[in-house]
Amino acid sequence: MAELKYPKKVVLGEITVRDGFQHEEKFIPTLAKLWVLEQLILAGFKRLEVTNFGNPRGMPQFADAEELFKLIRTSKKVQDKLPGVELTAVTIREKAVDRAIRARQEGYGPDRILMMVSTSEPHQIKNSGLDHKAYWAEVERCIKKAHDAGMKFNGTVSTIWGCPIEGPTDMKAAIEVTRRFLELGADDIEHADHDGSAPPNRVYEYFSMVLDAFPNPDLHIAHFHVTRGWGLANVLAALLAGINHFESTMGGIGGQPANFVDGVPVAGTGSYYYQDPNIVGLVCTEDMVVMMDEMGIDTGVDVDRVLEIGRMVEKIVGRRLRSECIRTGRIPKGPTGHK
């Protein structure tokens, strides 16, 4: 009998509170963010993104970065589970890295930080304000700083399959960005399709190239946006290539930082690539977890609790989100009683 071969156990990074909420045009209350983090930990997630330590004037959604870290570190609901959980903060620039290090030194900061290099230089400049040469110099300094402070360092590779500014890109360039991150000492690599331009065949091709070049699957994380609806197809393609670590958000929300928050225009990262907030998010956590569970993959999380969290996240953001499974539920394992 023909059988698909894929990892039977995965690690899921849940990034709703950072990547999901950053595209929202209203400030999500700090206590709501805390609730989501607590519930995700109680559901079994071991890797979470908490916030972005970038300048809050440009990204007011993250003006509560220090407060949120303090609250989750002292939460009585999850205190006993925190030793087994890795909390990440995004730190695109060195000032943000320094801010994360101060929080770490004061006892509440992140376990892991993230910096990002785009294969496309126009995208790199728009995201960071620096060209490749200047940004790589900053990355090298920051990896050392992070390790000296006892934090892990994630190198994120962007515009692998295409760039919303420049158009088509060469996947081989992303392999070289990965190589450089690892040579500089990055602890793991996030491979990101930030504009949803990767079709499944090229996802399989790319991750096959990645694992040929850097065979340890623990180094690699797949991060897919669903701008064109290919998210779960790309998850399957990455699984078939041998990837076992994925990131996602509740309801599939997320996208570039909002440039309009609570009625006030802000810098964000400039003009939106896509105007409709309902088309720019990530792979949906709820649907991915249910799909993997049906495939016999051990996700390490409580599927029913994940669906409950998804329903509440819709209330927090105030609109219907992408998840189908929070309405249709899991596939019944026996008679349902319906005629």
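**View 1. Helix α2 is mostly covered, with 10 of its 13 residues buried.** Buried means under 20% relative accessible area, exposed means over 50%, and partly exposed lies in between (1.4 Å probe, protein chains only). Helices (H or I, at least four residues) and strands (E, at least two) are DSSP runs, numbered from the N terminus. This is a predicted model: local features need pLDDT of at least 70, side-chain atom pairs count only at pLDDT 80 or more, and totals for chains, interfaces and linings use all residues. Residues are numbered from 1 along each chain as its sequence is written, and side-chain values use heavy atoms, with hydrogens and water left out.

The buried residues of α2 include Leu34, Val36, Leu37, Leu40 and Ile41. Lys33, Glu38 and Gln39 are buried in α2 too. What do the buried residues of α2 pack against? Their partners are β1 (11–14), α1 (16–20), β2 (47–52), α3 (65–73) and α11 (303–317). Contact means heavy atoms within 4.5 Å.

The length of α2 can be checked. The expected span of a helix is 1.5 Å times one less than its number of residues. For the 13 residues of α2 (residues 30–42) that gives 18 Å, and the end C-alpha atoms are 18 Å apart, which agrees. Gly44 follows α2 and has a positive phi, near 115 degrees.

**View 2. Helix α8 has its buried residues along one face.** Those residues are Val203, Tyr206, Phe207, Val210 and Leu211. Seen down the axis of α8, they fall within an arc of 130 degrees, so they line one face of the helix. The arc is that of the directions from the helix axis to the C-beta atoms. An α-helix has 3.6 residues a turn, so residues three or four places apart point the same way.

Which exposed residues does the face turned away from the buried side of α8 carry? They are Asn201 and Asp212. The cover over the buried residues of α8 includes α7 (171–184), β6 (188–193), β7 (220–224) and α9 (231–241). The 14 residues of α8 (residues 200–213) should span 20 Å at 1.5 Å a residue, and the end C-alpha atoms are 20 Å apart, which agrees.

**View 3. Trp161, Tyr206, Phe207 and Phe224 form one aromatic cluster.** The structure holds eight aromatic pairs. Rings of Phe, Tyr and Trp (its six-membered ring) pair if their centres lie within 6.5 Å; planes under 30 degrees apart count as stacked, over 60 as edge-to-face and the rest as tilted.

How far apart are the ring centres of Trp161 and Tyr206? They are 5.1 Å apart with planes at 75 degrees, so the pair is edge-to-face. Trp161 lies in the loop between β5 (152–158) and α7, and Tyr206 in helix α8, so the pair ties together parts that are 45 residues apart in sequence. Both Trp161 and Tyr206 are buried. Trp161 also pairs with Phe224, and this pair is tilted: 6.2 Å centre to centre, with 45 degrees between the planes. Phe224 sits in strand β7, 63 residues from Trp161, so this pair links distant parts of the chain. Trp161 has a relative accessible area of 3%. For Phe224 the value is 1%.

**View 4. Pro7 lies in the segment before β1.** Pro7 is buried, with a relative accessible area of 17%. The C-alpha atoms of Pro7 and Gly296 are separated by 9.7 Å, though the two are 289 residues apart along the chain. Which residues does Pro7 touch, not counting those up to four places away in sequence? They are Leu239, Gly242, Ile243, Asn244 and Ile297.

**View 5. Thr159 and Asp262 each have a positive phi.** Most residues other than glycine have a negative phi. Phi of Thr159 is near 50 degrees. Thr159 lies in the loop between β5 and α7. Is Thr159 buried or exposed? At 4% relative accessibility, Thr159 counts as buried. Phi of Asp262 is near 55 degrees. Asp262 lies in the loop between β9 (260–261) and β10 (264–265). Asp262 is exposed, with a relative accessible area of 52%.
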